[in-house]
Amino acid sequence: EKDFGVEVKDLHRPAIDELVRPNPDDPTGKSMMRRVPDVLDCWFESGSMPYAQVHYPFENQDWFENHFPADFIVEYVAQTRGWFYTLMVLSTALFDKPPFQNCICHGVILDSEGKKLSKRIRNYPDPLEMFDKHGADAMRWFLMASPILRGNDLLIDKDGKAIAEVVRLVQNPIWNAYYFFTLYANSDGVKAEFRSDSTQLLDRYILAKTASLVEAMTTCLDAYDLPGACQEFSGFLDALNNWYIRRSRERFWREEQDQDKKDAYDTLYTVLVTLCRVGAPLLPLVLEEIHQGLTGAESVHLEAWPDAASLVQDPELVLRMDRVRDVCSAGLGLRRSADLRVRQPLASLKLAGAGMAELADYFSLIQDEVNVKEVSLGEEITDYASFVLKVNARTLGPRLGQEMKKVLIASKKGDWKSLPDGGVEVGGHSLQEGEYELLLQAKEGVTCQALPGNDAIVILDTELTEPLIQEGKARDLLRLIQQARKSADLHVSDRIRTEVVVPEGWAPAITAFQSLISENCLATDLTIVDQLSADLFHEKATLGKDEFEIGVAKV
């Protein structure tokens, strides 16, 4: 601008050339000025970043030599021919070593129709709105848990519904576990301790499961596998909420302040604190809040990484209990298929297949979770059902070509066998996962489902007798009373007086199972009446076509 008397608004070609051309001579008359026609690739200077940023080798030699190469870099997939390439070429030429130890090469975020995100058409959710609506942790998790961090593309809807799912499936379960603990601990005046020496079976399981989580998360994060770490973390939440806490609720509800109850509190506290510390890199804000609430410590991010050895090391227990959870999941799935609510007791559940006898010590857990009167071992799987091989022709065809005909003919004849290391052999060929399916075909009158691995099945007796029906009604009424307690804003430990107005045919069930109902809802008095007393909290409820009136009051 000084030398040529022009205003420079754009330094790029060809704009800068147009400014120079009218008067290329040096106004001082001492030299001639010409712009070099070639421009060095701008990625050259970006590739020089590791040393150029600290003016090496002219300054900061010690710092540079102690910080190079970098632990990791991150950029999107197109940088394999941009920044990643020039970093590698220059570092190799100058230092004969790579410029980084690890590289996270992510994919591209696209809209729900597969188009690149555009500021002009605004085909993406506003990040600030997502922060305000769902929180920064939800968006952080959504991105880190997605295939984008393994180089694949990621579709994102404009409304951000997928981000909202993170709150429902990940954040809420953690918060619910924290809320459950604080609700009952504060009610009982308990100050829990960090300890892992409980001998109770469920406590030992969740502590061992937590130790496995720490080890798995450590492995994933050491390998910069963020989606893998997210998968390990979210998988653990199901074991914590839908197994350990659900199966341990009565220990927290119990009035007696005995050692078993203390073990339950201390175990859940230990697991939650460890969970906060191991998950802090993934959900830094939510877990900061929970960790401070649990411990009063300054920050979870200042704590040491958890030590799996300080918990319970029992991988065999984890494997067996996870197998028990698979059994319960199958049993509950069969209930849903038969349209049988969980509160309706059933007569029996049988297990048949590999390893089922090893679960005998856990039958009482299965019995309670699936709500059956008896759990027993059956004989061979073939006594109840058979497996049918379904070949995935689309996947297998390109690999086998003309041999595919032999495989299809043999599979239809049932001429196949399972292989010891996984997979099946059919038509002289070994098929691996993804190339086939094993479908369970039950015998007539049998209700069953296969467990993962197809080496065992669960058989459920779905026939309802009159005593079972009556007990189911009693448990339905119990749920309505518990709901009325909640609506009346009663504390979880409050004793209550209860009156119920019930439809015709319900009285026998209540009379037969009065103690079960009263004990579980903390009712000192449970009475069937024609009209509720005025001094009670009143609530109406329905079950199908049946209508009820529930009255509760604190004693």
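This is a predicted model: local features need pLDDT of at least 70, side-chain atom pairs count only at pLDDT 80 or more; totals for chains, interfaces and linings use all residues.
Me: Why is the contact between Arg-195 and Asp-263 called a salt bridge?

Reply: The closest N and O atoms of Arg-195 and Asp-263 are 2.8 Å apart. A salt bridge requires a side-chain nitrogen of Lys or Arg within 4 Å of a carboxyl oxygen of Asp or Glu, so the pair qualifies. The pair links distant parts of the chain, 68 residues apart: Arg-195 lies in the loop between α8 (161-188) and α9 (201-222), and Asp-263 in helix α11 (residues 259-279). Both residues, Arg-195 and Asp-263, are buried.

Me: What makes Glu-369 buried or exposed?

Reply: Glu-369 has a relative accessible area of 6%. Buried means under 20%, therefore Glu-369 is buried.

Me: Why does Arg-246 count as partly exposed?

Reply: The relative accessibility of Arg-246 is 29%. The side chains of Arg-246 and Glu-369 meet in a salt bridge, at 2.0 Å from N to O. Glu-369 in helix α14 (residues 363-370) and Arg-246 in helix α10 (residues 226-253) are 123 residues apart.

Me: How do you know that Arg-497 and Glu-499 form a salt bridge?

Reply: Their N to O distance is 3.7 Å; the limit is 4 Å, so the pair is a salt bridge. Arg-497 is partly exposed, at 25% relative accessible area, whereas Glu-499 is buried, at 9%.

Me: Which residues do salt bridges with shared partners join into one network?

Reply: The network consists of Glu-193, Arg-195, Asp-197, Lys-262, Asp-263 and Asp-266. The structure holds 32 salt bridges.

Terms used. Residues are numbered from 1 along each chain as its sequence is written. Side-chain values use heavy atoms; hydrogens and water are left out. Helices (H or I, at least four residues) and strands (E, at least two) are DSSP runs, numbered from the N terminus. Buried means under 20% relative accessible area, exposed over 50%, partly exposed in between (1.4 Å probe, protein chains only).
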